[in-house]
Amino acid sequence: MVVRYRTDFEKQVLLTNFELRRWSRTTDEDWNLFWASVTSVRQLFSAEGGIRLSETQIVNHFPNHFELTRKDLMSRNIKRYRRDCEKDSSRAYLTADGESIVDFVPMTYSLPLDFNIFLEEYKRDPGSLWIIKPSARSQGKGIFIVTKLGQIKKWAKEKWQAADTPSKEQFVISKYVEQPLLIGGKKFDLRLYVLVTCFRPLRAYLHSEGFARFCSVNYNTDAGDLDNLFVHLTNVAVQKRGEDYNDKHGGKWHWNNLRLYVESTAGFDVAQRLFGLIKFVVVQSLRAVVPVISNVPHCFELYGYDMLVDSSFRPWLLEVNASPSLSDSTVADRLMKTEVLSDALDIVLPPEFPAPTAPLYRDHRVARLSSLPLGGFTVLVDDAGAPSSDL
């Protein structure tokens with residue numbers, strides 16, 4: 001049987017995957033796989049306009065994926081997880097050095113809800129840098145850096161107090177990581193692809209095709225450059241507008257190259273620990289939302305994790321994207337994203353799907369790992385079988 005797919009995206013890397021599999025596109029409700037936008041998923045699972053999914057329908061988001069992918073909710077869930085875990089005598093949620101997931105997430109407060117709590121924290125370290133981000137936007141939109149309390153108070157007043165119609169938009173304010181690891185004088189962050197097929201029990205995979213994204217202008221924290229996005233924000237949507245952007249390599253480095261760089265400059269043990277901590281942070285962030293995610297047996301997620309590495313080779317979780325960009329800025333970028341999507345589909349789809357004889361997705365999503373074509377993915381955590389190490 002031919003898989004009928006529906007999608008909200010006209011992206012080459014996605015459509016190429018579907019066409020190579022000789023799938024048939026549909027705009028009706030008779031789809032087998034729906035690669036949907038977060039807006040469509042909200043409608044799909046809404047009480048008013050939602051539909052009852054059949055056993056041969058799979059969609060690429062869980063209903064409340066935003067518990068991890070909204071910056072304010074991610075921070076709140078991770079803090080709650082830490083409190084819950086402190087009651088665990090086994091301390092299995094800690095690294096070998098006694099650190100928990102909270103120690104790898106910059107100090108973050110929701111605005112306007114936590115504004116007064118933030119003010120108390122600011123007073124402990126006046127003049128430090130903070131970064132303000134919209135809770136539900138992406139691609140670097142609406143982000144800016146502040147250092148003076150007066151700046152923050154003025155912005156908050158204009159946003160929520162002095163305005164005739166106060167903004168309903170939520171923001172987070174996070175302590176800025178002022179000493180990132182620099183390569184060639186430039187700041188970078190990491191994009192990792194994480195596939196989750198089930199939250200209870202948790203089953204997640206990490207793809208080998210992660211990459212580093214570089215700023216195009218040398219890093220500094222001079223007051224005059226705090227509003228220079230080409231210095232501080234690695235998002236390709238931002239960097240490609242700069243004069244120094246290189247459209248041949250897109251300012252990207254395969255994360256294997258990053259590992260080689262760390263090994264050659266800091267040693268094998270440092271690199272081993274760094275990449276082990278990165279995996280620890282991903283797993284623990286997923287565990288933080290296990291109790292709250294609606295584990296609907298028709299869903300999977302392909303997350304885009306964004307992390308920063310500081311000058312002491314310590315990873316920091318910045319955010320998790322529900323719909324990581326499918327745009328390709330270079331040939332290498334297109335090939336990489338095509339491979340990630342192909343490998344994800346190979347894992348997600350049951351054999352012979354959607355034939356009546358095919359295994360049900362609700363069972364297949366936690367099937368024996370030996371029966372799955374992993375491609376470039378490796379198992380990150382498998383609570384359905386023998387649990388993998390979080391480090």
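Author: Arg-22 is exposed, with 71% relative accessibility; exposed means over 50% relative accessible area, buried under 20%, and partly exposed in between (1.4 Å probe, protein chains only). This is a predicted model, in which local features need pLDDT of at least 70 and side-chain atom pairs count only at pLDDT 80 or more, while totals for chains, interfaces and linings use all residues. Residues are numbered from 1 along each chain as its sequence is written, and side-chain values use heavy atoms, leaving out hydrogens and water.

Arg-22 sits in the loop between α1 (12–20) and β2 (24–25). These labels are DSSP runs numbered from the N terminus: helices are H or I of at least four residues, and strands are E of at least two. The backbone of Arg-22 has a positive phi of about 60°, although the residue is not a glycine. Most residues other than glycine have a negative phi, and most peptide bonds are trans. Glu-352 also has a positive phi, near 70°. You will find Glu-352 in the loop between α11 (331–348) and α12 (361–364), and with a relative accessible area of 55% it is exposed.

Cis peptide bonds are worth a look too. One runs from Arg-200 to Pro-201, with omega near 0°; Pro-201 belongs to the loop between β10 (186–199) and β11 (202–207). Another joins Leu-111 to Pro-112, with omega near 10°. Pro-112 is in the loop between β5 and α5, and that brings us to a sheet.

Four strands form this open sheet, in the order β5-β8-β6-β7 and with antiparallel pairing; two strands count as paired if DSSP finds at least two bridges between them. At the edges are β5 (108–111) and β7 (144–146), each pairing on one side only. On average, neighbouring strands are turned by 25° against each other, direction ignored; axes here are lines fitted to C-alpha atoms, for helices over the stretch in contact, and angles run from 0 to 180 degrees between N-to-C directions.

Strands of a sheet pair through backbone hydrogen bonds, either parallel or antiparallel. Here β5 and β8 pair in the antiparallel sense over four bridges, and Ser-110 has Val-172 of β8 as its bridge partner. In β5, Thr-108 and Ser-110 point one way, Tyr-109 and Leu-111 point the other way, and all are buried. In a regular strand the side chains alternate between the two faces of the sheet. Strand β6 (residues 130–134) runs antiparallel to strand β8 (residues 171–175), joined by five bridges. Among the paired residues, Pro-134 has Phe-171 of β8 as its partner.

Helix α5 (residues 115–124) packs on the sheet, touching β5, β6 and β8, and its direction makes about 145° with that of β5; contact means heavy atoms within 4.5 Å. Helix α6 (residues 149–161) packs on the sheet as well, touching β5, β6, β7 and β8, with a direction about 170° from that of β8.

A salt bridge links Arg-124 with Glu-121, their closest N and O atoms being 2.8 Å apart; the rule asks for a side-chain nitrogen of Lys or Arg within 4 Å of a carboxyl oxygen of Asp or Glu. The two residues are three apart in α5, about one helical turn. Arg-124 is exposed at 62% relative accessible area, while Glu-121 is buried at 14%.

By this rule the count comes to 24 salt bridges. Arg-213 and Asp-306 form one of them, with the closest N and O atoms 3.3 Å apart. Arg-213 lies in strand β12 (residues 211–214) and Asp-306 in strand β14 (residues 301–309), so this pair ties together parts that are 93 residues apart in sequence. Arg-213 is buried, at 8% relative accessible area, and Asp-306 is buried at 4%. To finish, look for Asp-97, Glu-99, Arg-273 and Arg-314, which are linked in a network of salt bridges.
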